[in-house]
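Here are my notes on the model, point by point. Please read them with the structure open.

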2 protein chains.
Amino acid sequence: MDEFEFIAKYLAPLAGPGGLGLKDDAAVLKPSHGKDLIITKDTMVEGTHFPHGHYGAKTSGKLLRANLSDLAAKGAIPVGYMLSIVWPHGVDESVFKDFSDGLAAIQKKYDFKLLGGDTTSSRGAMVVTATLLGEVPENKMVRRNGANIGDDVWVTGTIGDAYLGLQKVLGRPIDPKPKGTGMKHFENAYFRPEPRISFGDHLRDYASACADISDGLIADAGHVAKASNIKFKLNLEAIPLSRPAAEWAMGDLSRIKTLVTSGDDYELVFTAPSTNESFLTEASAGLQLTKIGTVVEGSGVEVVGSDNTLIEFDQAGHKHF
Amino acid sequence: MDEFEFIAKYLAPLAGPGGLGLKDDAAVLKPSHGKDLIITKDTMVEGTHFPHGHYGAKTSGKLLRANLSDLAAKGAIPVGYMLSIVWPHGVDESVFKDFSDGLAAIQKKYDFKLLGGDTTSSRGAMVVTATLLGEVPENKMVRRNGANIGDDVWVTGTIGDAYLGLQKVLGRPIDPKPKGTGMKHFENAYFRPEPRISFGDHLRDYASACADISDGLIADAGHVAKASNIKFKLNLEAIPLSRPAAEWAMGDLSRIKTLVTSGDDYELVFTAPSTNESFLTEASAGLQLTKIGTVVEGSGVEVVGSDNTLIEFDQAGHKHF
């Protein structure tokens with residue numbers, strides 16, 4: 001199966017009208033009136049961002065989920081995407097099908113379509129890149145630089161589950177072993193993080209700044225603090241852990257530090273004026289929202305334990321090279 | 001130098017207003033009123049699309065040139081781009097500088113800016129991906145599927161020089177050796193193809209269909225023929241060769257076949273009603289335009305020599321896997 005057959009059989013059915021059947025040099029998008037276009041791009045490299053040999057739906061799905069999470073952090077709704085795939089040599093056609101099935105499922109769930117892209121191959125690692133395009137009402141993108149002194153700091157969902165999922169995927173021991181469905185919970189957090197797209201309307205209404213958590217909660221909070229030129233004071237005990245993650249951590253400080261710095265959570269960390277607290281609580285609907293700190297004067301991220309003791313971190317999050 | 005330092009020092013200065021200093025999760029683009037957005041994406045893999053170890057300006061420049069060529073084929077003007085880089089390990093900072101200098105030069109020449117992207121690293125080959133965004137007046141994108149029976153087939157510039165440039169780059173013999181500046185001409189054609197952006201206005205006014213030539217003239221003409229559901233009848237002797245390429249080919253049929261199927265030309269192949277011929281000739285200004293055939297009933301691409309003899313091709317162009 002060559003490039004053109006792969007595109008015609010597996011990718012063309014995923015294309016929206018602007019993709020022109022993936023038969024042209026470029027895609028065309030007719031921007032909606034009164035909207036700004038929000039654009040995000042993520043690359044995943046085999047062996048760095050996903051495990052060796054995972055060429056199917058888990059990887060294609062996660063690529064879109066990670067990009068959707070960036071749009072979610074900006075309060076945007078997805079409209080389409082461009083996809084680039086560098087296939088390793090010798091991949092079986094069943095893998096092509098599984099990969100495109102993974103794309104199709106996410107497209108359907110979040111209601112957007114493929115616009116175009118590029119497909120090639122390499123003797124080396126698989127590399128996949130998606131450029132997602134989303135829309136927000138004009139001038140309503142939620143920025144990183146809008147946090148104000150006195151704002152509350154919030155986080156969606158729970159933190160650190162993806163780290164434990166990755167340990168499972170890499171075949172490393174998780175001690176103590178999680179009970180019941182705990183292991184499945186970790187794996188799902190790693191492969192199928194839930195981009196918080198549906199929270200976008202509320203984020204635009206109530207948040208002053210936001211980022212998604214890909215490098216680790218402390219590191220991404222730090223990006224918001226830096227862009228906003230303020231300091232985050234976070235309460236370590238307030239950071240929400242899932243029950244199986246809390247059972248793994250057993251209250252051990254170094255384990256908790258690992259969870260809040262390891263990344264791949266794809267939850268949102270955001271700030272909001274404290275007067276918005278009751279609106280946020282109302283708006284959250286099934287989504288867990290947790291207040292983890294406040295915005296103060298200064299720079300960086302300060303994490304305190306019980307009794308207001310300062311907790312030191314050697315590294316706030318993942319660095320890419 | 002880590003990812004964040006590289007971005008801050010070398011990429012942030014290339015960003016336009018919509019790139020938000022490359023300090024946010026996403027870029028924002030305010031689409032112009034009355035325009036459609038045209039989007040194209042190209043990936044280049046070390047060892048496949050560019051020679052091993054070429055990590056600097058030649059590669060970054062060519063990545064943008066190849067993407068610009070796709071926009072040019074659609075009659076679009078560039079407005080911005082998203083960039084993804086997978087760096088190999090251990091690259092020296094001087095390479096980072098050279099790579100970003102290459103981007104800066106193309107941005108300046110064609111008047112568009114960096115919006116955002118993703119930077120990571122890998123133990124394997126370098127992989128670079130750009131998603132370019134351009135604009136055309138509403139509903140004015142030049143498609144591949146608009147060729148009509150009776151139209152003329154045109155090509156910009158000359159064909160096959162990039163093939164000879166690649167032989168030089170790979171250290172393969174070019175026999176006979178080109179005279180004077182011929183070798184430099186071939187190398188420039190390979191590393192610095194000229195995207196035909198400035199011809200876009202005329203293309204939208206006079207062309208019925210267009211594609212850029214990346215896979216090879218015969219293959220890309222075939223894509224237009226297929227999309228338009230017609231047949232191209234091309235005259236091999238009319239296909240324009242540069243003087244050094246013609247001197248290399250020496251009229252030898254197999255050499256000429258190599259030139260017209262080898263790709264990487266980034267010229268445009270387009271169709272236009274024959275009534276537009278004098279307008280096109282006027283519009284071309286410094287750009288070489290050559291009529292190489294006509295659109296007839298049927299499918300595929302038929303190439304004829306002198307005396308209308310049919311010329312057979314084993315392979316029309318480059319396949320990617």
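**Notes on the two-chain model**

1. Asp307(A) sits in the loop between E11 and E12 of chain A. The model is predicted, so treat what follows as computed from it. The phi of Asp307(A) is near 65 degrees, a positive value in a residue other than glycine. Most residues other than glycine have a negative phi. Asp307(A) is exposed, because 5 other C-beta atoms lie within 10 Å and the cut-off for exposed is 12 or fewer.

2. Asp111(B) has a positive phi of about 60 degrees, although it is not a glycine. Asp111(B) lies in the loop between helix H3 (93–110) and E4 of chain B. Is Asp111(B) buried or exposed? Asp111(B) counts as exposed, with 10 C-beta neighbours inside 10 Å.

3. Check the cis peptides. In chain A, the bond from Asp175(A) to Pro176(A) is cis, with omega near 0 degrees. Pro176(A) lies in the loop between helix H4 (161–169) and helix H5 (182–191) of chain A. In chain B, the bond from Asp175(B) to Pro176(B) is cis, with omega near 0 degrees. Pro176(B) is placed in the loop between helix H4 (161–169) and helix H5 (182–191) of chain B. Most peptide bonds are trans.

4. Next, the relation of the chains. The same surface serves both copies: 100% of the contact residues of chain B recur in chain A.

5. Now the interface. How many residues of chain B are in contact with chain A? There are 51, and they meet 51 residues of chain A. On the side of chain B that touches chain A, several elements each supply at least two residues, including helix H2 (57–73), strand E3 (77–88) and strand E5 (127–137) of chain B. E2(B) gives the most to that side, with nine residues. The residues of that side of chain B divide into 21 nonpolar, 14 polar and 16 charged.

6. Strand pairing crosses between the chains. Strand E1 (residues 27–29) of chain A pairs with E2(B) in the antiparallel sense, over three bridges. Ala27(A) has Ile39(B), in E2(B), as its bridge partner.

7. Within chain A, look at the open sheet of seven strands. Its order is E7-E9-E6-E10-E8-E11-E12 (chain A), and the pairing is mixed. Strand E7 (209–212) and strand E12 (310–311) of chain A are the edge strands; each pairs on one side only. E7(A) runs antiparallel to strand E9 (residues 268–272) of chain A, joined by four bridges. One of the bridge pairs is Ala209(A) with Thr271(A) in E9(A).

8. Helices lie across this sheet. Helix H2 (residues 57–73) of chain A lies across E7 and E9 of chain A, at about 175 degrees to E7(A). Helix H7 (residues 217–228) of chain A lies across strands including E6, E8 and E11 of chain A. H7(A) runs at about 130 degrees to E11(A).

9. Last, helix H1 (residues 3–11) of chain A. Its buried residues are Phe6(A), Tyr10(A) and Leu11(A). They cover an arc of only 75 degrees around the axis, which puts them on the same side of H1(A). The buried residues of H1(A) pack against helix H3 (93–110) and strand E4 (113–122) of chain A.

Note on methods:
Residues are numbered from 1 along each chain as its sequence is written. Chains are lettered from A and ligands numbered from 1 in the order in which they are written. This is a predicted model: local features need pLDDT of at least 70, side-chain atom pairs count only at pLDDT 80 or more; totals for chains, interfaces and linings use all residues. A residue is buried if 20 or more other C-beta atoms lie within 10 Å of its own, exposed if 12 or fewer, and partly exposed in between; C-beta atoms are placed from the backbone. The arc is that of the directions from the helix axis to the C-beta atoms. Two residues are in contact if their C-beta atoms, placed from the backbone, lie within 7 Å. Ala, Val, Leu, Ile, Met, Phe, Trp, Tyr, Cys and Pro count as nonpolar, Asp, Glu, Lys and Arg as charged, and the others, Gly among them, as polar. Two strands pair if DSSP finds at least two bridges between them. Axes are lines fitted to C-alpha atoms, for helices over the stretch in contact, and angles run from 0 to 180 degrees between N-to-C directions.
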